[in-house]
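User: Please take a close look at the metal site in this model. Walk me through what holds it in place.

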Amino acid sequence: MERETARKFLQAKSSLRFYRHGRSVERTAYVLARKYGVDAEKAALAGLIHDYGKLYSREELLRLAREHGLLLHPLMEQEPALLHAPVGAWLLERDLGLHDEEVLEAVRQHTTGGAQMSMLSRIVYLADFIEPGRRFKGVEEVREVAFHCKELEKALLAAVEMTIFHVIQRGRLLHEASVEFRNSLIMSLREDSLEENHGEAI
Ligand SMILES: [Fe+2]
Ligand SMILES: [Fe+2]
């Protein structure tokens with residue numbers, strides 16, 4: 001699917017605020033993808049449309065999820081805000097005829113993350129967190145790591161940890177995919193540092 005087509009479609013359907021967020025994530029994902037050697041076109045498209053599910057009411061998302069077997073976790077019924085990711089991916093197939101599985105998977109995983117995430121999904125997760133419209137405390141440090149260091153995983157770890165803190169602070173249920181995502185990042189960062197130390201010893 002052409003990004004231009006998706007842009008026009010979104011612009012016609014959404015508010016200016018919603019559209020701006022999509023465009024910012026699109027641009028951020030593009031830049032990050034180029035930096036980290038990922039397909040930038042796909043990353044930008046996934047960034048642009050990642051919140052498509054938010055154009056539907058929670059009631060509608062819940063109804064669709066029940067009807068089409070998209071309630072993959074019981075927590076989803078308790079925290080319907082999370083539904084815009086998996087149901088959004090389903091809606092993108094239905095409404096836009098988007099069938100690129102990598103792009104759809106990035107949309108599905110953008111709220112919780114997960115232990116198994118492609119580089120494309122990771123880029124979209126991070127772009128959603130650091131796009132220029134985000135102004136919360138600590139975001140600048142994550143941007144700094146994402147754009148100026150070579151370690152995508154460090155930036156992702158900071159992002160998922162801040163998200164987990166936020167969920168806890170607000171008394172919400174925490175999806176284990178986020179915990180698994182955090183653990184997988186820590187394990188791979190540990191492996192990297194072991195390799196580095198081993199390299200130095202030789
Ligand atoms: Fe979202
Ligand atoms: Fe978003």
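Analyst: Along the chain, the donors of the iron ion (ligand 1) follow the spacing D-x32-H-x25-H. This model is predicted. The donor residues are D51 (OD), H84 (NE2) and H110 (NE2), and they coordinate the iron ion (ligand 1) at 2.1 to 2.2 Å.

The iron ion (ligand 1) and the iron ion (ligand 2) are 3.6 Å apart. D51 bridges them.

The iron ion (ligand 2) has its own set of protein donors: H21 (NE2), H50 (NE2), D51 (OD) and D128 (OD). They lie 2.2 to 2.4 Å from the iron ion (ligand 2). Their spacing in sequence reads H-x28-H-D-x76-D.

Why is the arrangement around the iron ion (ligand 2) irregular? The 4 donor atoms subtend angles of 81 to 170°. Four donors count as tetrahedral only if all angles lie between 85 and 135 degrees. That range of 81 to 170° makes the arrangement irregular.

H21 lies in helix α2 (residues 16–35), and D128 lies in helix α8 (residues 119–130), so the pair ties together parts that are 107 residues apart in sequence. Both H21 and D128 are buried.

Conventions: Residues numbered from 1 in each chain as written. Chains lettered and ligands numbered in written order. Predicted model: local features only at pLDDT ≥ 70, side-chain atom pairs only at ≥ 80, totals over all residues. Heavy atoms only, no water. Donors = N, O, S within 2.8 Å, 3.2 Å for Na, K, Ca; no water. Tetrahedral: all angles 85-135°; square planar, octahedral: opposite > 155°, others 65-115°. Helix = DSSP H or I, 4+ residues; strand = E, 2+ residues; numbered from the N terminus. Buried < 20%, exposed > 50% of the residue type's maximum accessible area, 1.4 Å probe, protein only.
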